[in-house]
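Here is a guided walk through one protein chain. Keep the sequence and the 3D view side by side as you read.

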Amino acid sequence: MFEEERKHKKILTPRQAQLKAESYCAYQERSQQEVRDKLYTWGLHEEDVENVIANLIADNFLNEERFAVAYCTGKLRMKGWGKIKIKQGLKAKKVSEQLIKIAFKQIEPDEYEAILENIIDKKIREIGNKDAFTIKNKVYQFALSRGFESDLIFSILTSKEL
């Protein structure tokens, strides 16, 4: 089975992989790890992979800080993720702690709280007419699962009239 898969998989030359990786990175921001994984699937060896990565960085197709900021703001605004979940996602993509901190500086605290408040309000409407304790508990658990900080969720929930 493995040999059969290998025969059907087209192996690219380093030059072909470079061009393909450029368009892969031009399409959307990518982390170095995403590109590295993709290059390995295209059949490149370690030395070639690192050379292609270096070229992509030199030509500004690949920029880890730019990726971290785009990932952070995108997940917050589009998916409604909190900082905890965003940080886990960035760590899974092997982004450094320093770049994660830089990316988080791009988030305005007021915008962050407003997004959480909108998520909370929407969830409260979804739950419907139940007792205040049940509503708060379900909303709290939901916001936690979205990656928001416990104290921030609690402070917004206590300000709500339920």
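Start with glutamate 34. Its relative accessibility is 19%, so glutamate 34 counts as buried. The cut-offs are these: buried means under 20% relative accessible area, exposed means over 50%, and partly exposed lies in between, with a 1.4 Å probe and protein chains only. Before going on, note that this is a predicted model, in which local features need pLDDT of at least 70, side-chain atom pairs count only at pLDDT 80 or more, and totals for chains, interfaces and linings use all residues. Residues are numbered from 1 along each chain as its sequence is written, and side-chain values use heavy atoms, with hydrogens and water left out.

What does glutamate 34 meet in a salt bridge? Its partner is lysine 93, at 3.0 Å from N to O. Glutamate 34 sits in helix α3 (residues 32-41), while lysine 93 sits in the loop between α6 (83-92) and α7 (97-104), so the pair ties together parts 59 residues apart in sequence. Lysine 93 is partly exposed, at 23% relative accessible area. A salt bridge here is a side-chain nitrogen of Lys or Arg within 4 Å of a carboxyl oxygen of Asp or Glu. By this rule the count is nine.

Stay with α3. Its buried residues are Gln33, Glu34, Val35, Arg36 and Leu39. The cover over them includes α2, α4 (46-58) and α5. After α3 comes glycine 43, with a positive phi near 90°.

Serine 31 lies in the loop between α2 (14-27) and α3. Is serine 31 buried or exposed? With 0% relative accessibility, serine 31 counts as buried. Leave aside its neighbours within four places in sequence, and serine 31 is in contact with Leu62, Glu64, Phe67 and Lys93. Contact means heavy atoms within 4.5 Å. Serine 31 and glycine 74 are 43 residues apart in sequence, and their C-alpha atoms are 14 Å apart in space.

Move along to a second salt bridge. The side chains of arginine 77 and glutamate 111 meet at 2.6 Å, N to O. Arginine 77 belongs to helix α5 (residues 64-79) and glutamate 111 to helix α8 (residues 109-127), so this pair ties together parts 34 residues apart in sequence. Arginine 77 is partly exposed, at 47% relative accessibility. Glutamate 111 is partly exposed as well, with a relative accessible area of 23%.

Helix α8 takes part in another pair. Lysine 160 and glutamate 117 meet in a salt bridge of 2.9 Å, N to O. Lysine 160 is in the segment after α10 (150-159) and glutamate 117 is in helix α8, so to speak distant parts of the chain, 43 residues apart. Lysine 160 is buried, at 16% relative accessible area. Glutamate 117 is partly exposed, at 32%. Elsewhere, salt bridges that share partners join Lys87, Lys91 and Glu97 into one network.

Next come the annotated spans. An unreviewed UniProt entry gives "domain: RecX first three-helical" for residues 20-54. That span is 77% helix and 0% strand, and its end C-alpha atoms are 15 Å apart. The unreviewed entry also gives "domain: RecX third three-helical" for residues 111-157. Here the figures are 83% helix and 0% strand, with end C-alpha atoms 17 Å apart. UniProt positions follow the numbering used here, feature names are shortened, and annotations may be inferred rather than shown by experiment.

Finally, step back to the whole chain. How many helices and strands are there? The chain has 10 helices and zero strands. Helices (H or I, at least four residues) and strands (E, at least two) are DSSP runs, numbered from the N terminus. The C-alpha trace spans about 65 × 40 × 20 Å along its principal axes. The radius of gyration is 21 Å, whereas a compact globule of 162 residues would have one near 15 Å. That radius is taken over C-alpha atoms, and the globule rule is 2.2 Å times the number of residues to the power 0.38. Of the 162 residues, 36% count as buried. Among contacts between residues at least 6 apart in sequence, 63% join residues at least 24 apart.
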